[in-house]
Amino acid sequence: SSLTVGLNNVIIGGLAGDSLTDADRNVAVGTSALSADTLGSRSTAVGYGTLAAQNMTTATLTYNTAVGYGAGISVTTGTKNTLIGGFSGDALQTGGLNTALGYNALGVDTEGTRSVAIGSDTLAAQNFTTTTSANNTAVGHFVGNDITTGVSNTLMGATAGDALTDADYNVALGATSLTSDTLGSRSVAVGYAALTMQNFTTAT
């Protein structure tokens, strides 16, 4: 460890917290956890490679939490992310204020912010390559897993809205609701299989 005047850090594992210098109140547990950061404080990284790329070059209160194999492994300067589950949020770089809970949840997004993905493979294809307030909420297995650049969708229930790609402002509540649509926007589907056959193949 390179710690010089940092305080109240807990570091366990090979290369864990290895670059920290003047950083405080971090927890890094697991090989290479939080291994690149120098000046970030108040991060929690538990698991192999968690938050391994995070590196704040000025004193920063990061409030990132990553738990699970490779969770948040690519985060560089994003802050206030909560990533729990193997490979959850593992492509995020500067994106912040995201919550991903479940295997591969929010697994390819790099710059998106303010998304909530709860369940295995939720929002698994979402990817904003410039800083964007996505404001998507997906809860349930495979929910919204084809969304790429759609924003402000609320999807809850197994496979709800799972074919949507670049579609916005939809609400789907119930298993398989709005499950076929790809490019339709501003729909509200409530109940099992609601609007399950609707499918707009051009932005509508």
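Rings of Phe, Tyr and Trp count as a pair if their centres lie within 6.5 Å. The views below show a predicted model.

**View 1. Y48, Y69, F87 and Y103 make up one aromatic cluster.** The count of aromatic pairs comes to 3. In one of them, the ring centres of Y69 and F87 are 5.4 Å apart and the planes meet at 75°, so this pair is edge-to-face. Y69 sits in the loop between β6 (65-67) and β7, and F87 in the loop between β7 and β8. The two residues are 18 residues apart, and their pair links distant parts of the chain.

**View 2. F87 also pairs with Y103.** This pair is edge-to-face, with 6.2 Å from centre to centre and 80° between the planes. Y103 lies in the loop between β8 and β9 (112-113), so the pair ties the β7–β8 loop to a part 16 residues away in sequence. F87 is partly exposed, at 32% relative accessible area. Y103 is partly exposed too, at 48%.

**View 3. G89 is buried in a loop.** The loop runs between β7 (82-84) and β8 (99-101). G89 has 0% relative accessibility, so it counts as buried. Beyond its neighbours within four places in sequence, G89 contacts G72, L83, A100, A105, L106 and G107. From G89 to D166 the C-alpha distance is 20 Å, across 77 residues in sequence.

**View 4. L34 belongs to the largest nonpolar core.** This core has 29 residues. L34, L51, L106, L123, L155 and L164 have the most contacts inside it. Leaving aside neighbours within four places in sequence, the residues in contact with L34 include G17, D18, L20, T50, L51 and Q54.

How values were computed. Residues are numbered from 1 along each chain as its sequence is written. This is a predicted model: local features need pLDDT of at least 70, side-chain atom pairs count only at pLDDT 80 or more; totals for chains, interfaces and linings use all residues. Side-chain values use heavy atoms; hydrogens and water are left out. A nonpolar core is a set of buried Ala, Val, Leu, Ile, Met, Phe, Trp, Tyr and Cys residues joined through side-chain atoms within 4.5 Å. Buried means under 20% relative accessible area, exposed over 50%, partly exposed in between (1.4 Å probe, protein chains only). Contact means heavy atoms within 4.5 Å. Helices (H or I, at least four residues) and strands (E, at least two) are DSSP runs, numbered from the N terminus. Rings of Phe, Tyr and Trp (its six-membered ring) pair if their centres lie within 6.5 Å; planes under 30 degrees apart count as stacked, over 60 as edge-to-face and the rest as tilted.
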